[in-house]
Amino acid sequence: MYQAPRGTSDILPEEQPFWRYIEQKAVNICQLYGYERIDSPAFEDADIFIRTIGEETDIVEKEMYTFEDRGGNKLTLRPEGTAPVCRAYIEHGLHNLPQPVKLYYITPIFRYERPQAGRYRQHYQFGCEAIGDADPALDAEVIDVAWRFFASLGLRQLSLQLNSIGCKQCRPQYLTALKDYYAKYHRDLCPDCKTRLKRNPLRLLDCKKPGCQQLANLAPKSIDHLCPQCAEHFDRLKRYLGLLEIPFEVNHRLVRGLDYYTRTVFEIQPEAEGAQNTLGGGGRYDDLIEELGGKPTPALGFAIGIERIILNLKKQGISAPPLPQPQVFIAYIGDDARVEAIKLAARLRQAGTGVIEAIGNKSLKAQLRQANTLNVRHTVIIGEDEIKTSTVILRDMTTGEQKTVPVSELSESLK
Ligand code: HAM
């Protein structure tokens with residue numbers, strides 16, 4: 001028996017209302033703030049991700065689906081959405097538009113991770129990117145979009161974690177302070193953190209091992225090592241978030257798992273589970289576009305995992321509105337009636353009424369059972385008598401009441 005590949009899943013019709021609900025809320029919020037949709041290819045030149053996400057990250061080291069195509073090109077299935085949007089921004093000269101350019105996407109993401117609840121090898125992200133301005137008001141807006149999006153879904157008890165990890169100018173001093181601090185505790189570090197200390201010291205701060213967490217809690221804080229410009233940027237962002245009445249917690253251990261971030265980083269987590277089940281995250285990436293060969297262009301964004309939203313909606317007992325479905329079922333008795341049923345269904349659909357036809361040679365009882373399971377409002381029944389008199393029987397599926405209606409008046413009666 002074939003199965004969907006490990007870490008992937010089918011989204012069956014019964015789950016679709018959640019997906020459409022989330023998508024519609026995402027589209028609404030983006031329209032409200034002036035973000036326009038962009039769709040990029042499912043795969044890109046592997047280098048785009050290696051250069052921007054960073055060679056010392058889990059994603060690039062262990063999780064990318066990279067393959068060589070028949071033309072010998074090294075390609076990678078999109079492991080995140082930011083670098084492709086930046087590539088498109090450069091490729092299409094979007095810097096010529098009024099800045100910032102504000103884009104959003106809803107797209108599958110591929111990461112070879114160890115599958116568990118809320119962690120898959122293919123997941124979907126709703127993401128926003130605002131490119132072309134360094135103003136902290138833009139940081140506040142982007143965070144506001146994410147925050148209001150969750151509110152519009154009805155999700156409660158979320159916490160916004162915020163940090164600033166500085167820029168090219170101030171980060172090196174901070175990293176030195178971090179390394180000096182950790183060097184004293186080298187013996188106590190887990191094997192992974194020993195490697196991080198050498199290769200990517202910022203990542204020491206989000207090790208999940210209890211011993212390392214204790215050390216991280218007391219480690220030097222990036223916000224204490226910001227240059228005056230980054231400090232001012234962070235102060236203004238906090239002030240603007242206050243104006244927007246968005247509660248936040250400064251978390252000096254928040255560094256994110258991708259290397260392209262500068263200054264602002266943030267994550268939104270369910271209060272109960274914290275970072276184990278982060279719903280979404282993002283931040284500034286002021287050097288990324290230059291790294292991909294564009295002009296220096298400040299930018300920021302976020303992405304939110306759709307499967308994790310659904311898990312949290314279910315946990316909080318929030319259901320999605322049902323999707324529109326045909327409300328009329330046509331049942332028939334005998335071959336001649338079947339011909340009438342086909343003609344009638346076509347006419348009703350042309351008039352914009354959704355119809356499900358009985359298919360096959362089932363008994364009337366079986367057809368009515370089917371109509372019941374489909375949850376339609378009305379069933380139209382055609383038999384020999386009805387053909388002779390150009391009528392149909394119209395059955396109200398809630399009350400079970402039946403009446404005979406001339407075919408010519410059926411549309412009107414259904415309304
Ligand atoms: P990320 O934190 O790697 O950021 O992913 C964003 C969100 O995607 C996570 O918070 C989580 O909800 C969801 N997610 C990530 N991995 C998985 C997985 N294996 N299974 C299920 N859900 C997952 C980024 O990808 C950045 N590109 C965000 C960003 C946009 N930064 C700036 N702009």
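Is asparagine 375 buried or exposed in this structure? Asparagine 375 is exposed, with a relative accessible area of 61%, where buried means under 20% relative accessible area, exposed over 50%, and partly exposed in between, as found with a 1.4 Å probe and the protein chains only. This is a predicted model, in which local features need a pLDDT of at least 70 and side-chain atom pairs count only at pLDDT 80 or more, while totals for chains, interfaces and linings use all residues. Residues are numbered from 1 along each chain as its sequence is written, and side-chain values use heavy atoms, with hydrogens and water left out.

**The ligand and its surroundings**

- The shell around the ligand has 27 residues, of which Glu80, Glu113, Glu129, Tyr261 and Leu279 come nearest; a residue is near a molecule or strand if one of its heavy atoms lies within 4 Å of it.
- Two side chains make polar contacts (pairs of N or O atoms within 3.5 Å; within protein, one must be able to donate a hydrogen and the other to accept it, and residues adjacent in sequence count only if both atoms are side-chain atoms): an N or O atom in the side chain of glutamate 129 is 2.8 Å from a nitrogen atom of the ligand, and one in the side chain of tyrosine 261 is 2.6 Å from a nitrogen atom of the ligand.
- Leucine 279 takes part through its backbone, with an N or O atom 2.8 Å from an oxygen atom of the ligand.
- On its own the ligand has 660 Å² of accessible area, and the protein covers 95% of this; such areas come from the Shrake-Rupley method with a 1.4 Å probe, and for residues only the protein chains shown count as cover.
- Strand S6 (122-131), strand S10 (280-284) and strand S11 (299-305) are the elements that give two or more residues to the shell around the ligand; helices (H or I, at least four residues) and strands (E, at least two) are DSSP runs, numbered from the N terminus.
- By residue class, the shell divides into nine nonpolar, 11 polar and seven charged residues, where Ala, Val, Leu, Ile, Met, Phe, Trp, Tyr, Cys and Pro count as nonpolar, Asp, Glu, Lys and Arg as charged, and the others, Gly among them, as polar.

**The eight-stranded sheet**

- An open sheet of eight strands with mixed pairing has the order S1-S5-S6-S11-S10-S9-S7-S8, and two strands pair if DSSP finds at least two bridges between them.
- The edge strands of this sheet are strand S1 (36-37) and strand S8 (249-250), each of which pairs on one side only.
- S6 and S11 run antiparallel and are joined by seven bridges; glutamate 129, whose side chain contacts the ligand, has glycine 301 in S11 as its bridge partner.
- S10 is joined to S11 by five bridges in an antiparallel arrangement, with arginine 284 opposite leucine 300 in S11.
- S9 and S10 also pair in the antiparallel sense, over five bridges, and isoleucine 268 has glycine 280 in S10 as its bridge partner.
- Five of the five residues of S10 are buried, so this strand is largely enclosed by the rest of the structure.

- S15 pairs in the antiparallel sense with strand S16 (residues 402-406) over five bridges, and the bridge partner of arginine 395 is glutamine 402 in S16.
- S15 and S16 form a hairpin with five residues between them, and glycine 400 in the turn has a positive phi of about 80°.

**Backbone features**

- Glutamine 99 and proline 100 are joined by a cis peptide bond with omega about -5°, and proline 100 is found in the loop between helix H4 (82-91) and strand S5 (101-110).
- Arginine 263, in strand S9 (residues 262-270), has a phi near 50°, a positive value in a residue other than glycine, and is buried with a relative accessible area of 13%.
- Asparagine 375 likewise has a positive phi, near 65°, but its place is in the loop between helix H13 (364-374) and strand S14 (378-382).

**Cysteines**

- The count comes to zero disulfides, a disulfide being a pair of cysteine sulfur atoms within 2.5 Å.
- The sulfur of cysteine 212 has its closest cysteine sulfur in cysteine 190, at 3.8 Å, which is too far for a bond; cysteine 212 counts as buried at 3% relative accessibility.
- Cysteine 227 is in no disulfide, with the nearest cysteine sulfur, that of cysteine 230, 3.6 Å away, and cysteine 227 is buried with a relative accessible area of 14%.
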